[in-house]
Amino acid sequence: GIILLLVLAVQVFFNLAGASVLPSGWDALGEHLARAKEWVRLQRLEAIPYINYMQRGQPFNVGMLYGMSLLIKDAILAKLIHFSFGVLAAIGVYALGKRCFSSKVGLFSAAIFYTIPAVAYLSTTAYVDLGLTFYAFLALYAFINWTTTSRRSWLIISGVMSGLCVGSKYAGFLPIAILVLGILFQSWLIKKEKFISIAKNLLLFVLLTGLAGSFWYVRDFII
């Protein structure tokens with residue numbers, strides 16, 4: 001346990017060091033921070049065709065946090081927010097492992113996740129991938145809690161987190177599709193529920209996901 005904690009502490013230190021300097025990656029400078037900076041300058045969420053035109057309608061939940069960072073301080077704060085998403089996701093992995101198995105399994109799982117090279121690199125950037133990962137993980141965690149407790153409140157939380165997920169990046173549709181299949185599997189094959197009950201669960205999940213995640217897609221359609 002001590003060795004795993006040491007590994008995590010060292011990785012957190014290096015990731016924090018990398019996140020504490022000005023950004024240099026293209027996606028950060030040419031897309032996420034650039035769009036956030038323009039919206040801060042314009043004081044409105046206006047279409048900006050001169051910044052990566054092909055991605056002009058992409059969801060921007062995490063990017064809005066970067067806009068807040070630029071208002072409060074600078075781009076380093078934006079990188080620290082993305083770094084924090086990675087740390088929070090690792091804590092979530094630990095919590096899930098501890099709940100389902102043991103503290104050692106949770107710590108080992110968190111160490112594996114946080115030392116993945118992609119996670120280590122992304123923790124030092126102002127991208128959006130760790131925000132997507134964090135929201136997707138919370139949606140999964142809430143879904144698992146729903147399957148074990150049958151409390152609809154957990155399904156509601158899973159739907160809201162799924163909405164935040166799909167509102168952060170197009171790739172967020174993949175975990176949503178997986179969770180929809182999970183709801184069908186749990187309700188139909190495991191619990192043998194009636195069709196009306198299955199339909200209610202699916203409708204609740206999809207509606208909440210849409211309400212929480214549709215803003216950027218509606219905006220893109222309008223403007």
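Modeller: Helices (H or I, at least four residues) and strands (E, at least two) are DSSP runs, numbered from the N terminus. This is a predicted model, in which local features need pLDDT of at least 70 and side-chain atom pairs count only at pLDDT 80 or more, while totals for chains, interfaces and linings use all residues. Residues are numbered from 1 along each chain as its sequence is written, and side-chain values use heavy atoms, with hydrogens and water left out.

Biologist: OK, where does Trp216 lie?

Modeller: Trp216 is part of helix H11 (residues 215-222).

Biologist: And is Trp216 buried or exposed?

Modeller: Trp216 is buried because its relative accessibility is 3%, where buried means under 20% relative accessible area, exposed over 50% and partly exposed in between (1.4 Å probe, protein chains only).

Biologist: What does Trp216 touch?

Modeller: Leaving aside residues up to four places away in sequence, Trp216 touches Trp39, Leu45, Gly57, Pro59, Phe60, Asn61, Met64 and Gly167, with contact meaning heavy atoms within 4.5 Å. The C-alpha atoms of Trp216 and Val166 are separated by 9.5 Å, although the two are 50 residues apart along the chain.

Biologist: Switching to backbone angles, what is the phi of Gln43?

Modeller: Gln43 is not a glycine, yet its phi is positive, at about 65 degrees. Gln43 sits in the loop between H2 and helix H3 (61-72), and it counts as exposed because its relative accessible area is 68%.

Biologist: What about Lys192, where is its place?

Modeller: Lys192 is in the loop between helix H9 (173-190) and helix H10 (195-213), and has a positive phi near 55 degrees.
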